Structure formats: C-alpha cells, structure tokens
Amino acid sequence: MMIQLEVTMKKLLVMLLSLSAGAALLSGCSGNGQEAFEEKSYAVDAAEIAEVSIDVRDRTLAVSLSPDDQIHIGYYESDTESYDIAVSEAGVLTMAAVSDKNWTDYIGGKAGSDSRTISLQIPDGLLPALTLSTTNEDISLPALHITDRVSLTTNGGDIPFEQLDAGSAVTLKAKNGDIRGAILGSYDDYAISCEIKKGDSSLPAEKEGGEKTLSVSNNNGDIDIDFVRE
C-alpha cells in the first residue's frame with residue numbers, strides 16, 4: 001500500500017513540474033508578442049520608378065499623396081519582422097516582408113496598429129503602375145492618378161478609395177471585406193468584369209466597350225463603385 005502511494009505521489013510531482021515548466025515557457029513566449037518596433041523610412045525619386053509593388057501580410061497599406069516628387073515609404077521593423085526593399089533594373093520598386101520568427105514568437109498579442117501600418121506616399125500623376133497586396137488589413141487610397149495600371153488585393157480587409165484614375169486598367173480583389181470608392185471618368189470609358197459571391201454589387205457582371213478595363217472580384221463582401229467626372 002505504501003509503495004503504491006509513493007508511486008502515485010511521484011507521478012503527481014512529475015506532472016506538477018511539467019505543468020510549471022510549460023507555464024513558464026508560455027509566459028516567456030508571450031513577451032515576444034510585445035517586442036519593440038523601430039520606425040524607419042525609405043525615399044526614391046518617382047522619375048526612377050516604373051512600378052511600386054508591395055506584398056505583405058497582416059499590414060495596413062495607407063496610401064497618400066507625396067509632398068514632393070519622391071515616393072516615400074514609412075514602416076516599422078523589429079528583430080524578427082523586417083522588409084526587403086529593392087529597385088530592379090527595370091525600375092520596379094518592391095517591398096516584401098521578411099520574417100525571422102520561431103513558432104514560439106507567434107504566442108502572445110499582435111503588435112500595435114501603428115507598427116502594423118505601412119504608409120506609402122506617391123506623387124500624383126508620376127507613377128505608371130501600382131500593385132499592392134496584404135492580408136487581414138485594409139488598403140486605402142486618396143484621389144490619385146496612376147498613368148497606366150492599378151492592382152489592389154486584400155484577404156480579410158477592405159479596399160476604400162477616393163477618386164481613382166488609371167491610364168489603362170484597374171484591378172480590385174477582396175475576400176471577407178468591402179470594396180468601395182469612385183472611379184474618375186465615365187462609365188462608358190471602361191470595359192467591366194465583375195465577380196461577386198455572398199455580397200451586393202453596384203457593377204454589372206460584364207460590360208463591353210471602353211478604352212480602359214475595370215476588373216473587380218469579391219468573396220463575402222460588397223462592391224460599391226461609382227463613376228465620377230472631373
């Protein structure tokens with residue numbers, strides 16, 4: 001009887017030690033969710049850039065007008081989350097997320113909203129192409145003229161924009177969010193392709209004609225786009 005009791009006590013002791021070690025590990029890991037982020041910036045002359053292409057995850061992309069003829073990017077980096085920013089020989093400015101996280105770094109809360117926001121300032125009418133993609137956050141644009149094409153994609157966020165004007169093509173894609181804004185120009189200026197699931201749309205599924213193209217798709221969200229003249 002005494003032997004069985006001793007064995008049971010030893011098992012309980014081992015279980016308590018294991019639980020304590022696990023709790024200590026999780027407590028230590030949760031601190032990683034509050035790691036320090038450093039504010040950084042990047043700037044380049046718009047005349048040198050043919051396209052801006054940003055592909056990130058869990059980041060808000062907030063576009064605004066540049067105060068000068070440069071493209072400005074404001075962002076935050078930590079020891080485990082950073083960005084690779086480069087300009088190709090063809091003049092394509094790319095920004096991609098780089099993560100050095102272990103699985104334990106994902107335990108704990110997200111960084112603050114400021115640290116998860118990328119601000120992009122673009123001179124109006126000087127950039128030929130703009131391609132932005134993110135997840136779980138929004139992509140927002142002011143009234144803006146892009147000389148050739150615009151492509152915006154988000155999974156888990158909204159795409160709000162003001163008067164958007166592109167020289168040849170606008171492509172908007174969302175999932176679990178809304179697409180809403182105004183296209184500068186006439187309805188007749190655009191050939192339209194629109195696909196929507198589980199939501200309402202102000203656009204027809206197909207419309208032929210027009211010198212420009214507008215392609216919009218959304219799954220589990222609404223599409224509300226107007227056409228406005230200057």
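This is a predicted model: local features need pLDDT of at least 70, side-chain atom pairs count only at pLDDT 80 or more; totals for chains, interfaces and linings use all residues.

**Stop 1: the salt bridges**

Start with the overall count. There are eight salt bridges. Side chains of opposite charge can pair when their charged atoms come close.

**Stop 2: R59 and E81**

Select R59 and E81. They form a salt bridge, with the closest N and O atoms 2.7 Å apart. Where do R59 and E81 lie? R59 sits in the loop between β2 (51-55) and β3, while E81 belongs to strand β5 (residues 81-87), so the pair ties together parts that are 22 residues apart in sequence. Now check the cover on each partner. Is R59 buried or exposed? R59 has 6% relative accessibility, so R59 counts as buried. E81 is buried too, at 18%; the cut-off for buried is under 20% relative accessible area.

**Stop 3: D55 and R57**

Next, select D55 and R57. Their side chains meet in a salt bridge, at 2.7 Å from N to O. How does the cover look here? D55 is partly exposed, with a relative accessible area of 37%. R57 also counts as partly exposed, at 44% relative accessibility.

**Stop 4: R149 and D148**

Move to R149 and D148. A salt bridge joins their side chains, at 3.9 Å from N to O. The cut-off for a salt bridge is within 4 Å, so this pair counts. R149 is partly exposed at 36% relative accessibility. D148 is partly exposed as well, at 29%. Salt bridges with shared partners link E51, D148 and R149 into one network.

**Stop 5: R116 and E137**

Select R116 in the loop between β6 (92-99) and β7 (117-122). Which side chain does the side chain of R116 contact? The partner is E137, and the polar contact spans 2.6 Å. R116 counts as buried because its relative accessibility is 15%.

**Stop 6: the negative patch**

Finish on the surface. Select D45, E48, D68 and D69, which gather in a patch of negative charge. Patch members have no salt bridge, so this selection contrasts with the paired residues of the earlier stops. Zoom in on D69. D69 lies in the loop between β3 (60-65) and β4 (70-77). Is D69 buried or exposed? At 54% relative accessibility, D69 counts as exposed.

Note on methods: Residues are numbered from 1 along each chain as its sequence is written. Side-chain values use heavy atoms; hydrogens and water are left out. Patches are made of residues with over 30% relative accessible area and no salt bridge: like charges are joined within 9 Å, nonpolar side chains (Val, Leu, Ile, Met, Phe, Trp, Tyr) within 5 Å. Accessible areas come from the Shrake-Rupley method with a 1.4 Å probe; for residues, only the protein chains shown count as cover. Lys and Arg count as positive and Asp and Glu as negative; His and the chain ends are not counted. The place of a charge is taken as NZ of Lys, CZ of Arg, CG of Asp or CD of Glu. Helices (H or I, at least four residues) and strands (E, at least two) are DSSP runs, numbered from the N terminus. Buried means under 20% relative accessible area, exposed over 50%, partly exposed in between (1.4 Å probe, protein chains only). A polar contact is a pair of N or O atoms within 3.5 Å; within protein, one must be able to donate a hydrogen and the other to accept it, and residues adjacent in sequence count only if both atoms are side-chain atoms.
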